[in-house]
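Welcome! Take a moment to turn the model around on your screen, and then let us walk through it together.

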Amino acid sequence: MVGAKRNLGITIGKSIAVFIFSAFFVLPLWLVVMASFTDSVSFIQKGYSFWAGKFSVQAYSFVFKNSLVTTGLINSVVATVSVTLLSIVINTSAAYVLHEKNLPGHKFLNTFFVFTMFFNTGMIPIVLVIRELGLYNTYMVLIIPAVLNVYNILLIRNYFYSVPASLKEAPMIDGANQLQIFVQIMVPVSTPIIATTALMAFVTKWNSYMDVLYYVNKDNTSLWTIQYVVQEMLADFKAFNDEDGVMSKGVVQSATIIITILPLMLLFPLLQKYFVDGMTIGAVKG
Amino acid sequence: MVLRIRKFATLLLAVLTTLFVFLACSSSMSVGISNSGSGEVVLSVRKENAADIAPDRASFEAYMNEYVAKLNSESVDTDVLTVEGYEEDDTHYRVTVSTRRIDTIGGLGDIIYENTKSFCENDLKNLEKIKDGYDQLVMPSILRVYPNAEAVRHVMDPEDNPIEIKARSTDSGEILSFEDFESELRASEKDHILFFQLADLKLVDEITFELPGEVKFVSVMSDYETGEEIETVSYSGSSVTVKGTELLFSTGEKNAFFGYFVYSEGVSPWLIAGIVVGVLGLGALVYFGIIKGGIKRFFQGSVWQRVLRYKILYLLILPAFALIIMFRYMPMVWLSAGFMEYDLLQGLGSEWVGLKYFKGVFYATNTPEMYRIFRNTIFISLIRILSNLPVILFLAVLINSIKTKKLRTAFQTISFIPYFLSWVSVGGIFNAVLDPNTGMLNRMFGSTTNWYGDPDPWWAILSISSLWKGMGWSTLIYISAMCNIDTELYEACSLDGGGMMRQVFTVTIPGIMNIICLQLILDVSNIMRDNYEQILAMTNGQVTGAIQDTVDVVGRISYTALSKGNFGSATAIGLIQGVIGSILVLVTNKIVKKTENEGII
């Protein structure tokens, strides 16, 4: 009897805790979603609240007419898609080469890649190199520096190591060359890890903000990504409002934020599955 | 063991080769354009003249040190002049002063070290400015080099107004160009020029200029109007000595003397080293490869056969190899910018200043700003680690205790969402809560707190936002550790009458203690790494003003230095931070290995 009462108490306590945590996670996001669908005038009266005041999609139509936002979106999409595709091709190829133990120079190449994991130069020397290479303030700077990811290369390499050697031997006897084995055998069996690393590259690039801050001249709005646009909007909304200044800051920035996180939410089921996989695939060993 | 040595040797070779290649490239490019204005000047003072101020050598040194410090403080940078040493003979004190990045030494005059070509071009520009009436005080040195040019008369004569300047040589009557300079200066494009105009030298009666190259031509004058040349100039090798008690230091109006030296910089020592290494390498290649037949053997050997078999793989790794050199290895070379007065045009050929910026950071730790920055960096990390851990553990236990699978998955999914959002979005989302006018907090409690202007709550806000973004994800590792706890332990505890709380504290927490320690140690090793992106995003970019008291971190000063173009100092700060971070990681990794856990490295 006492035990049952105590269990009931624990269950109630647990329920309350789950509820509080859920609220903690969801509430801020909810406020933004609601605000993005609120009419500007009614937003100024009510502020951020649990329930939208007067329903309206004017914020979204306003945002999509703003050239800074649309340029930012296009830049982000182009950069993110390019980086993701390039990183799949380049990182997977590199991983395959690094995994081939018979390759002359195998040890040197592996050491050459792994070494960089333990030596982080920080941001400024990279900025200097980017300026030296003439990439500063060009479209390429949004793409090229983000492609290489040594951690991901080693993740894929370790996955290749775990592929049974017999899979490769059979076609080799049949006279297949290295490229055929890589493309036709190794890539298909390694899709989970390739997908994981591709998603990582996608999320990192889509969310990146510091690259524009460091690699692009602030006045060059044609290279702003959507994250940078959001940050600028939060810092100084006046530059984004129209001449009459009718739109309320909270409404517009909420709509922009929702647009920014929408692609991630669409990918969320995939992200959750593959990121957890990626974590359990575990530590990279040099 | 042998294997390890070989690995190390390969590694060392790789790094050294890269370093060498880049240094060789950059130095060969920079030969002839590094005009950083570094040189040495020896000032001689007759003892009897100095007797009034400084009766003995010690007091003379004290006087000179103070004088140089004063000149530095009036100049653009703090290390323009450095006293290198004192010497003494029967009649003179000799002070050696080294100079760098000289533009104007406040209170003393001008010394300009420059490439002859850019010197002339700048001068012609100045001439244009005068013509446009820009600033009559801009006195182009071209005119001083050509004391007899018409223009000199106009500038020097204030009554001749409006000034009509045609930089014409009186001899030929033609407008001057670089080629004229070339012949007048007896210089070529690659030569350098030291132009100086010194006043107020008071006691000094002999000056020796040590130039970074061989002197080709000198011209020293004591008078603008007549352009009278000082005869007592001698030069040999890389030094020029100007003597002339009367001319230099005559009292009255003409107490300035001026002139220019043309010198050519020698070949860069890097280039010589590069050539030597190249020749040696070539020699070795010829000896071992051709004479001893190594090349032939190599191409017949099994290694080359394998290279041929895998040749396509070298092509496959080429893009990644190029990228890793560009964005991982090249930045390592560019770390040397921390030891330079880094200039974008000169790149790695910029002037070396040694530990200037590192000293700058450490001396500056005494200032309130630096103290604040390091305090904030460490405190923000500490508060985040200590406050987040209990909550994360609580959530992990909570999720683990939910037995209904659907509820558990749903709850975990919700907790994951923030992890995938960018810091910028998180900053905007928190703005919904914190905004002073429309934010939920102020609306709910009817308060008017300006969260973005008040420094006090920011350590808490940063810590809570870290929790919001990372908590769901961080629980994963603890939950998977909890899965490994033997269920019999729970049963035994339950049989002994232990309730849920008891089970948590006697079974679950001890069961995952290893992981907790590991995570804590990892966190502590990252204590010096500030998350400047988070701070920029959470404060909505408003990191100035009162709020700086609590949110100013190391990342901010290196960013500010960068945006102001102080690349050397920005690199130095980043390097210090990185080195401290690396040391902490290595130390904690050692500790982790001692605790029977596998280290991360």
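Within the share that chain A buries against chain B, Phe25(A), Phe112(A) and Leu128(A) supply 9%, more than any other three residues. Please keep in mind as you look that this is a predicted model.

How many residues of each chain take part in the contact? On one side there are 87 residues of chain A, and they are in contact with 91 residues of chain B. Polar contacts are found here as well: 18 residue pairs between chain A and chain B are joined in this way, counting pairs with both residues at pLDDT 80 or more.

Now look at the side of chain A that touches chain B. Helix H1 of chain A, residues 2-36, gives the most to this side, with 15 residues. Taken by kind, the residues on this side of chain A divide into 63 nonpolar, 15 polar and 9 charged.

Salt bridges do turn up when the search covers the whole structure: over all chains there are 11. One of interest joins the side chains of Lys168(A) and Glu100(A), with 3.9 Å from N to O. Lys168(A) sits in helix H9 of chain A (residues 166-173), while Glu100(A) belongs to the loop between helix H4 (67-99) and helix H5 (106-115) of chain A, so this pair ties together parts that are 68 residues apart in sequence.

For the last stop, move over to chain B and its surface. Here a nonpolar patch is formed by Leu282(B), Leu285(B), Val286(B), Tyr287(B), Phe288(B), Ile290(B), Ile291(B), Ile295(B), Phe298(B), Phe299(B) and Val303(B), which together have about 1100 Å² of accessible area. Which helices of chain B each supply at least two residues of the patch? They are helix H9 (269-291) and helix H10 (294-300). The largest share, 7 residues, comes from H9(B), and Phe298(B) is found in helix H10 of chain B.

Note on methods. Residues are numbered from 1 along each chain as its sequence is written. Chains are lettered from A and ligands numbered from 1 in the order in which they are written. This is a predicted model: local features need pLDDT of at least 70, side-chain atom pairs count only at pLDDT 80 or more; totals for chains, interfaces and linings use all residues. Side-chain values use heavy atoms; hydrogens and water are left out. Contact means heavy atoms within 4.5 Å. Buried area is the accessible area (1.4 Å probe) that two parts lose on being put together, summed over both. A polar contact is a pair of N or O atoms within 3.5 Å; within protein, one must be able to donate a hydrogen and the other to accept it, and residues adjacent in sequence count only if both atoms are side-chain atoms. Helices (H or I, at least four residues) and strands (E, at least two) are DSSP runs, numbered from the N terminus. Ala, Val, Leu, Ile, Met, Phe, Trp, Tyr, Cys and Pro count as nonpolar, Asp, Glu, Lys and Arg as charged, and the others, Gly among them, as polar. Patches are made of residues with over 30% relative accessible area and no salt bridge: like charges are joined within 9 Å, nonpolar side chains (Val, Leu, Ile, Met, Phe, Trp, Tyr) within 5 Å. Accessible areas come from the Shrake-Rupley method with a 1.4 Å probe; for residues, only the protein chains shown count as cover. A salt bridge is a side-chain nitrogen of Lys or Arg within 4 Å of a carboxyl oxygen of Asp or Glu.
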